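Visitor: Please show me the model, and I will ask about its parts one at a time.

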Amino acid sequence: MRMSEILIKNANVCDPAQGINCETMDLCIRDGKIVESVSESAEVIDAAGRLTMAGGFDGHTHSAGKINVGRFMNPNDARRTLVPGLSGPEARTEKTRAQVGYNTPNTYAIGYRYAKLGYTTICEAAIPMLAARHTHEEFKEIPILDKMGLSLFGSNWQVMEYVRDKEPEKLAAYVAWGLKASRGYGVKIVNAGGGEAWGWGKNVSGLYDPVPNFDVTPAEILMGLAEANEKLQLPHSVHVHCNNLGKPGNYETTIETMKMFEKVKPTVDRQALHVTHVQFNAYAGTSWRDFETGAPMVADYLNGANHLTFDLGQVIFGPAVTMTADGPVEYANSRMLHEKWSNQDIELEDASGVVPLSYSPKSFINAVQWAIGIELALLVEDPWKIMFTTDSPNGGSFVNYPEAFTYLMSAKKREQVISGFGKMALDRMVLPGLDRELSFYELAIMTRSMQSKMYSRPEKGNLKVGSDADVAIYDIITSDIDPSVEHEKVKQAFSGAAYTLKDGNIVVKDGKIEATPMGRTYWVNAKVPADIDSAMNKDTDIKFKKYYTVSKSNYMVEDSYLPNPVEIRTEGAF
Amino acid sequence: MKLKANLISGRTADQGAHLEAKTYRGYFDACAYCELNSADLDKLGVSEGNSLKVATDFGEVVVFAKANDGNPDGLAFIPMGPWANTVLDPDTHGCGMPGLKGVPSEIEATEEKPLDMKSLMKQYRED
Amino acid sequence: MPVIKDAVCSLCGSLCDDITVTVEDNKITKIENACILGHSKFVGMFEHDRIETPMIRKDGELVPVPYEEAIEAAAKILVNSRRTLSYGWCSTSCEAIGKAIQLAEETGSLIDSTANVCHGPSALAAQEKGSPGASLGVIKNRADVIVFWGCNPVHAHPRHMSRYSSFSKGLFSTKGRKGRKMVVIDVRKTDTAKLADKYVEIEQGSDLLLITALRSAVNGHEDVIPETVAGISKEEILELAETLKNAQFSCIFFGMGVTQSRSKYKNGDGVSSLISDLNQHSKAVTIGMRGHYNVTGFGQVATWETGFPMAIDFSRGFPYYNPGETGANDVLVREEADAAIISAADPGAHFPQKAVRHLAKIPVIQIDPYANPTTEIADVVIPAAVVGIEAEGTAYRMDAIPIRMKKLIDTEFKTDEQITKDLITKVRELKEGA
């Protein structure tokens, strides 16, 4: 990190963490941090009254690891140029490596294009622990951004056995060990128990459907891992992809799951549960024939609950690539859509699948899916509970975020899109009746501020003194613009930041890459009492000896895979 | 007499064990042969260790004869390597992969001896 | 004397990581758990010669030169070339592959891996129909039906059957081989076929016919199947389809017999489709038997760095991919490449004559620990450390599981990664000078 000072003058700061709502002021930066003041010799950036936020933080994106299967099976995606300046092939330059792709860009393009959107931190949503080196190898090639990843525990044999045998301390020790082995930041649970059932080509049907051969239910897995998560005082809560994803009527399972967590007491000042891509889990109806939005019911519950956060999984019309550890869902997708299907079950741990698809406004199902994401964002009153995502690239590529922001900020823009829907679609959604339009302040909360608390990263997602100098300046004069009407201008401004600063380095200027410093990788080292750790290790020794095909000593991700690591230690409450 | 055979190439353990010793006699022994079943060898009037000339549309090569009764009639196998590649099909049919299995060939007995690796490769430099 | 446990064998795509290596005086004197291929690699390297020094061909003969001179000569070839083919990079680490891709990008080269003559068609098949697979431990723990189609693990992957497939035991496969049905489909009775419960001998080049017939049977359309397909009776085909349908968990491992025979990538496409159909009845997956220990790694690194797994053409500045046009054999057979850099592979031995003939005509840079047929047509030869023995690094097993290879002994030789870095530096220097 260079020793330098920057003064950003006339910044129209929108920093919800400090309650600052588009006030013009100066920002001071020294050695990569926000500071009170700088000397006369500081480099000056004149923000000229333009909208200034902390760097964006995408807390749920598929950007390293499984995305490679998506690239591999969809070479056509490399040539897609659907979003000018943020997709398709670009030749190498003095400053940048060659780029390709739209839904599944190459690693360099992921770094550059997120930075162009003013984003500076991403969280990879799923690390299969046995293949964790792969995630970190891709992280190493994603420039600019700070990175973290969530490790998969939801269908893990050792987890299920400890839950079944009521060994909460050993379970916590195993989770700590798994995070260390995979250099993960948090606990991801995908369709709890479903990955194991998929080992036999089956699935679990809900929270209380026992996992074959393991005598545990998804509900028990979820509660067991939540307890372990809190025992370890992890910086993030469990991060849950609910059972029954993608099925009509699944909103009930989703609410049931959320309710179940009311009894979980967080040991860190953050939510007890994060539910991810809720759009895919807020479906009403009993089949695809009577399919309709379940967003009002889910939002109604969320408005009365204060123990959780969630993200949208907003749909973008056009081609997408679904990729998830929810193996059975991907197989079902491929059969329903007659699409190609990749699958990768991971021994003793989980499943996964990848299927490309395309969302069309002409399909009433896709139209309703599109509406559900926006309905959730508008019907849930408190934006601090909501993280904006497209579950990139499941709902659509992250390069469409600027387009999606306009759905939230402009009823007119929504009307434009909705006017292309058929009557059946309109009957199955509540969106046409919603006139709420989000402000820049609310958008900032959903795209950077709430992530700070959600991931316990106080130095991220805000512009407080002492925070990382990750700053995005957008070409918007908030006092002169009506986002409701001038949504195209809003989209343009968010599509290429006037400036993006990463740790005080100018990485983007006028929507172009200026510099490509290497970001950090955060991982969690949770302390576990030695005796418990040693008892747990005896059990995993057996797993490796009898069932894994990789030696235990070759399982742990080595230091060399994290060129710029940040180890987050937790003390644990055993 | 010439035997019409369908030629395939492929890995063997011996060939694989000499991947990093290709200038050695062992590699030559592991690769410079053609397997036919005993009945086919009989038709050609050769026994193991005699020389065979394998000719295709793409070239010809002299290799040793070897019996493998796992081969059906008319199926010839040469381990992957420079000898096999003298006669395999370079055409990829637009999909990147040349024709390394299933090349029509004619095989006959010969008095010539197989070239060692360096002599075989030297021909390319002199072409 | 140091004994290193859980060493990784850098020979075939099985990437066994349970090898015990004894090192004495910086030499490997004993190796346990390895197969014949691994043994010959680890112990054999002290029994046969290395390329001792960099060499440049002068008046038809390779003569020793200092390292810097070889790097400069190689860099000049790259800078003066208008269409360089960079080929191989499969018996090396992912770290070296990353640098090779960077070099190709900076020199506007075309880069391809040994998949070009191996599982390249499997990549095309995945692009058509996907790749429904699993990690090898899933097979070990669950599979009760295992099919080897056009592959011969007894020879090519000698420990595969004991560690991962036929003979392995796991949580739901406690009986090992006794609890499994092993089917081999091949054109000749291989040593693997001799171990099978069921050997199906098909007519060479008719794999797609059999796959299609099996799909018909699995999907309940047995009426359309002729009395004989691919030399197999209808009765036998129906029986095989029943075996697969009634399995708890089946896996089709496939090899070069499928990718190199007639119909090439359409065979793999058919296998993926068959697997999808089978999952209507029971769990089924498929895994390609990858040859070089890190050919899978090349595909992974290339895919995340360029978007494409192989046959990547940087002549436009951005990656362009069209394997029937930009594959290594195609550019050589069209006599399009005007220089080549080859590392950790041996096209001199493994490409058909027409491609080798063109290679012999153009300047060739070779980076390899050992002399091989490619050396005979190379113009600049740079010796390298043996990755997995003298250098550490990442490799991907045939099931895309990444494993870190250990450094077991010291060496004076430079690693592929270092050599490639030096080439990048020298190429930049020459370009700036120009």
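Visitor: What radius of gyration does chain B have, and what would a compact globule have?
Guide: This is a predicted model, in which local features need pLDDT of at least 70 and side-chain atom pairs count only at pLDDT 80 or more, while totals for chains, interfaces and linings use all residues. Residues are numbered from 1 along each chain as its sequence is written, with chains lettered from A and ligands numbered from 1 in the order in which they are written. The radius of gyration is taken over C-alpha atoms, and the globule rule is 2.2 Å times the number of residues to the power 0.38. For 127 residues a compact globule would come near 14 Å, which agrees with chain B at 14 Å.

Visitor: What share of chain B is buried?
Guide: A residue is buried if 20 or more other C-beta atoms lie within 10 Å of its own, exposed if 12 or fewer, and partly exposed in between, with C-beta atoms placed from the backbone. Of the 127 residues in chain B, the buried share is 54%.

Visitor: What pattern does chain B follow along the sequence?
Guide: Helices (H or I, at least four residues) and strands (E, at least two) are DSSP runs, numbered from the N terminus. Chain B has 5 helices and 6 strands. Read along the sequence, their pattern is β-α-α-β-α-β-β-β-α-β-α.

Visitor: Which element of chain B gives the most to the side that touches chain C?
Guide: Two residues are in contact if their C-beta atoms, placed from the backbone, lie within 7 Å. By that rule, 44 residues of chain B are in contact with 56 residues of chain C. Elements giving two or more residues to this side of chain B include strand 1 (3-10), strand 6 (101-110) and helix 5 (117-126). The most, 6 residues, comes from helix 5 of chain B.

Visitor: How many residues on that side of chain B are charged?
Guide: Ala, Val, Leu, Ile, Met, Phe, Trp, Tyr, Cys and Pro count as nonpolar, Asp, Glu, Lys and Arg as charged, and the others, Gly among them, as polar. The side of chain B that touches chain C has 20 nonpolar and 15 polar residues, and its charged residues number 9.

Visitor: Which residue of strand 11 of chain C is the bridge partner of Val184(C)?
Guide: Strand 10 (residues 181-186) of chain C pairs with strand 11 of chain C over 4 bridges, in the parallel sense. The bridge partner of Val184(C) in strand 11 is Tyr199(C).

Visitor: How many residues of helix 2 of chain A are buried?
Guide: Helix 2 of chain A spans residues 107-116 and is mostly covered. Its cover includes strand 7 (119-127) and helix 3 (132-140) of chain A, together with helix 12 (295-306) of chain C. Among its buried residues are Arg113(A) and Lys116(A). The buried count is 10 of 10.

Visitor: Which residue in strand 7 of chain A is the bridge partner of Gly56(A)?
Guide: Strand 6 (residues 56-61) of chain A has 6 of its 6 residues buried. Strand 6 of chain A pairs with strand 7 of chain A in the parallel sense over 4 bridges. In strand 7, the partner of Gly56(A) is Tyr119(A).

Methods: Pairing = 2+ DSSP bridges.
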